[in-house]
Amino acid sequence: MKTKRTFQLAFVTTAILSLTFAGTVAAWENKGNPFKPKKKPVKCQKPPPCQKPPPTCQKPPPTSCTNTPPTCTNTPPTTTPTTYSGQALVFDLTNTHSGAHWIVGETGALPSAGGSIDVSVSATNIENVIHLEGGLASTAGSGGVATSHAELHGFSATFVNYQGVRVTIAFDFAEAKATAECDSKGMAKVTATSQIQGLVINGTTVTVTGAANQVVTFAGGSAVLNAQVTSGGGTEAAISTAAIFITLDGCFTGPLGFAEADISCGTKPPGPPPPGPPPGTNAPCGKLTGGGFIVSTPSGAKGSFGVSGGIRRGEFWGHLNYIDHGTGMHVRSTAVTGFSVIDAVTREIDYNVDIDGAAGTARVICADNGEPGRDDIFDITLSTGYHAGGDLGGSGHGGGNIQLHKCPPGWAK
């Protein structure tokens, strides 16, 4: 009996230990094995932030961990061209009482891209009020320079207003010139000059000082000599000038010889101006203008002239008007037949001409010896044997100006 109880007790004890071990194992499985080294919990690491790319000419595309190397697109700066404007005319008179409007030798407006416009005026008579032996007007723009020029030769006029007041104005030569150009820094600057030779108003000789806006008053009105008006500043500027601006009471008002030049300097450098003609007969391009009077004539009297000549698009260009006031001989060109470069300042021009109604030829030699023109030369020889010549005031009593021009835009063939 004792043995049986012992076995039973052993069995019960074994069963209890088995249950206890099983419970312990279950607890280990639920709580973890205390003898096994504990592992630190794995934390989810944040991905490394996107690094900012180095500065670029363009902003990088938004949010991406793939930093694509930037590409710099350097767009060239915007450029603007230089633009031109201007005009010239021989005269422009309006009657403030009757409304009559007399305009002669008008170039019209210069295109903004530049170029050149030239107008020649032959002997003109308007209602026996104005007599003009000849005139020129031109405007041009290229190479960052805009120029306009007007001149009158042998002008005389008798004006009578509605009240019967008479005003007489006469001169041998008048010229107005305006220039607008861009300097090396792209800034605009303007200048203007004028000349008047032999001015007589109401029988009184007028002393011309050359100063801008010289005012002359007389019975029946007033005149402004070398009248100038400027405007603008910085990269844009304009200037206009009149050799004479007349204001007659109850009668005509306006400019005699008017030139205007305007320029707007762009950010794109202008091209170089056209080159002048090289020495040689019938150079590929060239231009000369001038007017005034000489005193070295066979009669000893004054000889007044208006002259132009050159080669334009491969063809001769120009005109000639000459009067010997001692004999009254009048020479007018009918065609230009030659143009030669003698030296840096001298040109020779050949014409077919009308001499007091008879056909003939003329050879003219002109020299531009600098401003204001008193040392310039005019020399004329006719097929009849007539010859006259001299300077325009340097050592005598002549007057006027000879002007050499660089080949204008559009003139080269």
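Student: How much space lies in the largest pocket?

Tutor: The general idea is that rolling a probe the size of a water molecule over the atoms shows where empty space is left. In this model, which is predicted, the largest pocket holds about 480 Å³ of space. Its lining consists of 24 residues, and those closest to the centre are A140, V145, T147, H405 and K406.

Student: Which elements give two or more residues to that lining?

Tutor: They are β3 (115–121), β5 (130–142), β6 (145–160) and β24 (399–405), and the largest share, five residues, comes from β5.

Student: How do the residues of the lining divide into nonpolar, polar and charged?

Tutor: Nine are nonpolar, 11 are polar and four are charged.

Student: Turning to the strands, how many bridges join β11 to β12?

Tutor: A general point to keep in mind is that in a regular strand the side chains alternate between the two faces of the sheet. Here β11 (residues 214–218) and β12 (residues 221–233) run antiparallel and are joined by five bridges, with V215 standing opposite V224 in β12. Their hairpin has two residues between the strands, and in it G220 takes a positive phi near 100 degrees.

Student: And which residue takes a positive phi in the hairpin of β12 and β13?

Tutor: That residue is G234, with a positive phi near 70 degrees, in a hairpin that has two residues between the strands. The two strands run antiparallel, with 12 bridges joining β12 to β13 (residues 236–248), and Q228 stands opposite T241 in β13.

Methods: Residues numbered from 1 in each chain as written. Predicted model: local features only at pLDDT ≥ 70, side-chain atom pairs only at ≥ 80, totals over all residues. Heavy atoms only, no water. 1 Å grid on protein atoms, 1.4 Å probe; cavity = no way out; pocket = protein on both sides within 12 Å on 5 of 7 lines; lining within 4 Å. Points joined across faces, edges and corners; volume = space filled by probe spheres on them. Helix = DSSP H or I, 4+ residues; strand = E, 2+ residues; numbered from the N terminus. Nonpolar A, V, L, I, M, F, W, Y, C, P; charged D, E, K, R; others polar. Pairing = 2+ DSSP bridges.
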